[in-house]
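Reader: I would like to learn how to read helix packing. Please show me with an example.

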Amino acid sequence: MTPIIQLGLGGVGRALVRQMLAVAPTIRRRYGIDLRYTALVDSRGALAGDPALTDDQIQTVLTAKAAGHHIDSLAHAITDRHWLELLPATMAIVVDVTAAGSHAAPLAAAISAGHRVVLANKRPLCESYELFAALTERGATRYEATVGAGLPVIGVLQSLIDSGDEVRAIEAALSGTLGFLMSELERGVGFADAVRTAHQLGYTEPDPRDDLSGADVARKALILARTCGMHLPPDAVIAEPLFPATLKEISVTEFLQRLEEAEHEVMNRLQVASANGKVLRYITRISPDNGVEVGLRELPTDHPLASLRGPDNMISFTTNRYADRPLVVRGPGAGVEVTAAGVLSDIIATAREL
């Protein structure tokens, strides 16, 4: 049995559990690997099996979480122990699909105790570089879903480096939300209306400023840069926000009402780019020589990122081997099901290694 402890049962977490239950019999037949949940954990408690949770117990947790309840509302829930105390004596896989900012040190402790980690949560990889190294050295952590959801971004980058190639530059559009906004602006939609539409369609976080600040893109950029071997501190990547500081502290409702105050700057940038025969994209640029930049940039129309439309992500790798024509990864960079699938793929790969 390969024990799995999962932290987080939000949308991605529940989708992951469903996908795991669906594929576990196939994985057992194909590889002789018996993937079993030994504990499911949320912010208020945990449910643990002896030695593994039954399918009925797992379904009870899923039903409760879908109804808006926490695990501490269930019979036999554990509320007085940290999840580290639930780790078995044998090697286990700890899966973090939360957005918590306090997991880096406990996850590093789990690795020190001989366990493995799979992440969708970006925050543990964005703490001090020492913690990043503790989590990732010797391949103890897989974290594909932290950058491109289900896209093979980290795997491609690590394969390039491991095979002796040298990364010269990475250029990427890493936000489906901001990609959608840029496409809407090119169609002639105003910035304020485009943001409101994205919010109504569920493309943004509940607070659109979480996307418009560029903070999520900055975390992804930091993870990519560190994976390239750049020893950057947590505050090394500063993203360009798409709204003025005067809108930072107000309520979400008021922010949506006052979006026109952010419109002039963005629309002016779009008009200048168009006058220059270029397109405007919110991009990340990473190079060992020039560091990391995240923000709105003008691109020539023949640039790989210029062809992006809608919420797709694209990552372009220029290396010694891919010098004349970059290696490009493109596809959906967000979504509950594809993110869960990316995490599941990492779990299966880790289990096969073990």
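Predicted model: local features only at pLDDT ≥ 70, side-chain atom pairs only at ≥ 80, totals over all residues.

Author: Residues are numbered from 1 along each chain as its sequence is written, and side-chain values use heavy atoms, with hydrogens and water left out.

Reader: At what angle do the axes of H1 and H13 cross?

Author: Helices are DSSP runs (H or I, at least four residues), numbered from the N terminus. Axes are lines fitted to C-alpha atoms over the stretch in contact, and angles run from 0 to 180 degrees between N-to-C directions. Here H1 (residues 11–31) and H13 (residues 336–353) cross at roughly 40°, their axes coming within 9 Å.

Reader: Which word describes how H1 and H13 lie to each other?

Author: Under 35 degrees counts as roughly parallel, over 145 as roughly antiparallel, 65 to 115 as roughly perpendicular, and the rest as oblique. H1 and H13 are therefore oblique.

Reader: Is the crossing of H1 and H13 left-handed or right-handed?

Author: A crossing is right-handed if the near helix is turned clockwise from the far one by less than a right angle, and left-handed if anticlockwise. The crossing of H1 and H13 is right-handed.

Reader: Which residues make the contact?

Author: Contact means heavy atoms within 4.5 Å. Among them are Ala15 and Ile27 of H1, and Leu344 and Arg352 of H13.

Reader: What about H7 and H8?

Author: The axes of H7 (residues 176–186) and H8 (residues 191–200) come within 9 Å and cross at roughly 135°. H7 and H8 are therefore oblique to each other, and H7 passes H8 in a right-handed crossing.

How values were computed:
Helix = DSSP H or I, 4+ residues; strand = E, 2+ residues; numbered from the N terminus.
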